[in-house]
Amino acid sequence: MRIGALVATTLLFVCVPAAATEPQAIPGAAPVPPVKVIAESPGGPYYYRDVRPVFGGGVRLTSGLDVRLGIGDESTKVAYGLDVLAVGRLGFGRGAKVLAVWPEAGYSFVGSDWHLLGAGVGPALQAREGLSFGLVPRVLYGVAGGREAKGLRTCAIIDFSFGQGGLGFEVAHQYVAWGDHHIHEIRFALESAVVWGQGEKP
Amino acid sequence: MNHPARVLPVIGVFCVEFLGCGPSSQQLLAGNHFREAACSITEGEGDAQEISVAITRALDPQLHVDVVADDTVMAAAPQAPPEVRGRVLFVRVRVVTNEIPVDHLGLSLDTAGDVPAHPMELDALAKLTGEQAPPSHTSTETHYIQNAVSGAISIFTLGLIDPAQRGPTTHVVPPLPLEWKLTAPNAYGLYSAFSGSGCEEHRGGPEDAPHVGMSCDATFMVERVGSGSLALDMGVEYQALRLSRTQEMRSVGDDSSWTCRLKTRLHVPLGPVGDLSKATSATFGPRFRAVRELDEAAGREVTR
């Protein structure tokens, strides 16, 4: 009891002066007006907030195997193939996946003595991030077997794009003719691309 | 032969999906599509001036300013020394806005003009009351685990990858409220008498298309020197999140490139410091006034 009384007395002395000097909050001088809600019309557009597609140019490398089909005068065999290409990635509209045009031009090496220049353009379904698909035909001109060669390659490209870069796989049919030779090949290649331009960031 | 009603949708789809034509600023503003409008400016296509004016008109900030009388200050903080009286004006500012269809709002209040004024903070109040501010603390953080991991990486890669070792980091920790209360009771008393400063966002509507408003409170200490004028500078920022049809909504803090920001400033002259109390009473009295209304009353062009 004595201890309780001592504590109570102490608290009284400590708390009462403190309470007397506690600052009082100054009241607000004006009532807060009602807040209006400005509503958006339903069915609003969704365009500028959507991501921009990549629209630019860069470099693409492919490296793989050309399987000769044995059509015409060549027996079936496999050759190494390498491409170094300047590419465009021209996406149009807005969205995570858009229609695009993919122009490509560059140098192609096959086997041991094919040196071909090629250029072409094709449609694509282009993603800023994720899988892109393109179908790009290229006309070829160069040297094969030491003689003038002409041809056509049609490339189906599956590219996992991540803004500026991309990695993927290419399957292509290639027809090359020189002299009396007519060669059909299927190329299986790994590819990588780097692109600079608008749309690397959203 | 082709009927226009058949051709136009085809042209529209071609335009939007392939060429990339967006809606005009007028179309966006007519439907209060402020998120789209803000992003159209970021994309360099929208009319920034027109959009900024329209969104600010919808936001319609309501303002109240009052000068707290010396007697009220002294009554609220009776421990404050009498010398405080008459040295500064305590100018309270409160802003309330409508809720508009944006994803986030930012609002900042500051003073402008040719008189010394600054936000009411404990440091400034301690100077005013002649009290000593409590010292700040420092805390030191050592990065043992991070350095151990860095060392392990360096060893396992034979030094090929050698992350830098981090030395101890020192942080400055401001004094606690209780320390202010003990060390500078008069300053603390004055500070506590005014309701807290800061802004609060109020939002409603669906989570992916909210409408957002804001209310802000601030108190400024304006020195009673000279015959300069005081004005209020209000910074407003409208934010819209970029979404994608196939991607989840990303937060503002995630990546700033996923946020469209539109900034504007509102300037409200409050009058000469000598007559500030009378001027704010006459202008505001016991009610909030729309900033737009103040502009119109003063004959200022609303061009923000």
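**Close-up views of a two-chain model**

The side chain of A:Arg94 reaches the backbone oxygen of A:Asp50 at 3.3 Å. The model shown here is predicted.

**View 1. A:Arg94 sits in a loop and meets chain B.** The loop that holds A:Arg94 runs between strand S2 (78-91) and strand S3 (97-110) of chain A. At 8% relative accessibility, A:Arg94 is buried. The side chains of A:Arg94 and B:Glu43 are joined by a polar contact of 2.8 Å. The two residues also form a salt bridge, and their closest N and O atoms are 2.8 Å apart.

**View 2. Chain B and chain A share an interface.** Here 59 residues of chain B are in contact with 39 residues of chain A. Together the two chains bury about 4200 Å². Carbon and sulfur atoms carry 57% of that buried area. Three salt bridges cross the interface. Residue pairs in polar contact between the chains number 13, with both residues at pLDDT 80 or more. Several elements of chain B give two or more residues to the side that touches chain A, among them helix H1 (4-19), helix H2 (25-30), strand S1 (62-68) and helix H9 (185-193). The largest share comes from H3 of chain B, with five residues.

View 3. B:His33 lies in the loop between H2 and H3 of chain B. Its relative accessible area is 6%, so B:His33 counts as buried.

**View 4. A disulfide joins B:Cys39 to B:Cys260.** The sulfur atoms of B:Cys39 and B:Cys260 are 1.9 Å apart. The link is right-handed, with 100° about the S-S bond. B:Cys39 lies in helix H3 (residues 34-42) of chain B and B:Cys260 in strand S10 (residues 259-272), so the pair ties together parts that are 221 residues apart in sequence. Both cysteines, B:Cys39 and B:Cys260, are buried.

**View 5. A disulfide joins B:Cys199 to B:Cys216.** The S to S distance is 1.9 Å. With 110° about the S-S bond, the link of B:Cys199 and B:Cys216 is right-handed. B:Cys199 is in strand S7 (residues 198-204) of chain B, and B:Cys216 is in strand S8 (residues 211-223) of chain B. The two cysteines are 17 residues apart. B:Cys199 is partly exposed at 41% relative accessibility, whereas B:Cys216 is buried at 1%. Over all chains, the count comes to two disulfides.

**View 6. A:Asp83 and A:Arg187 form a salt bridge in chain A.** Their closest N and O atoms are 2.9 Å apart. A:Asp83 is in strand S2 of chain A, and A:Arg187 is in strand S8 (residues 181-198) of chain A. The pair links parts of the chain that are 104 residues apart. A:Asp83 and A:Arg187 are both buried.

**View 7. A:Glu104 forms salt bridges with A:Arg89 and A:Arg138.** In the pair of A:Arg89 and A:Glu104, the closest N and O atoms are 3.3 Å apart. A:Arg89 lies in strand S2 of chain A and A:Glu104 in strand S3, so the pair ties together parts that are 15 residues apart in sequence. A:Arg89 is buried at 6% relative accessibility. A:Glu104 is buried too, at 2%. In the pair of A:Arg138 and A:Glu104, the closest N and O atoms are 3.3 Å apart. A:Arg138 is in strand S5 (residues 129-144) of chain A, 34 residues from A:Glu104. A:Arg138 and A:Glu104 are both buried. Salt bridges that share partners join these residues into one network, which includes A:Arg89, A:Glu104, A:Arg138, A:Asp83 and A:Arg187. Other members include A:Arg60, A:Asp66 and A:Glu170. The whole structure holds 23 salt bridges over all chains.

**View 8. Chain B as a whole.** Chain B has 11 helices and 11 strands. Of its 304 residues, 44% count as buried. Chain B exposes about 15600 Å², and carbon and sulfur atoms supply 56% of it. Among contacts in chain B with a separation of 6 or more, 76% are between residues 24 or more positions apart.

Methods:
Residues numbered from 1 in each chain as written. Chains lettered and ligands numbered in written order. Predicted model: local features only at pLDDT ≥ 70, side-chain atom pairs only at ≥ 80, totals over all residues. Heavy atoms only, no water. Disulfide = S-S within 2.5 Å. Helix = DSSP H or I, 4+ residues; strand = E, 2+ residues; numbered from the N terminus. Buried < 20%, exposed > 50% of the residue type's maximum accessible area, 1.4 Å probe, protein only. Contact = heavy atoms within 4.5 Å. Areas by Shrake-Rupley, 256 points an atom, 1.4 Å probe, with all protein chains shown as cover. Buried area = accessible area lost by both parts, 1.4 Å probe. Salt bridge = Lys/Arg side-chain N within 4 Å of Asp/Glu carboxyl O. Polar contact = N/O pair within 3.5 Å; in protein donor to acceptor, adjacent residues only side chain to side chain.
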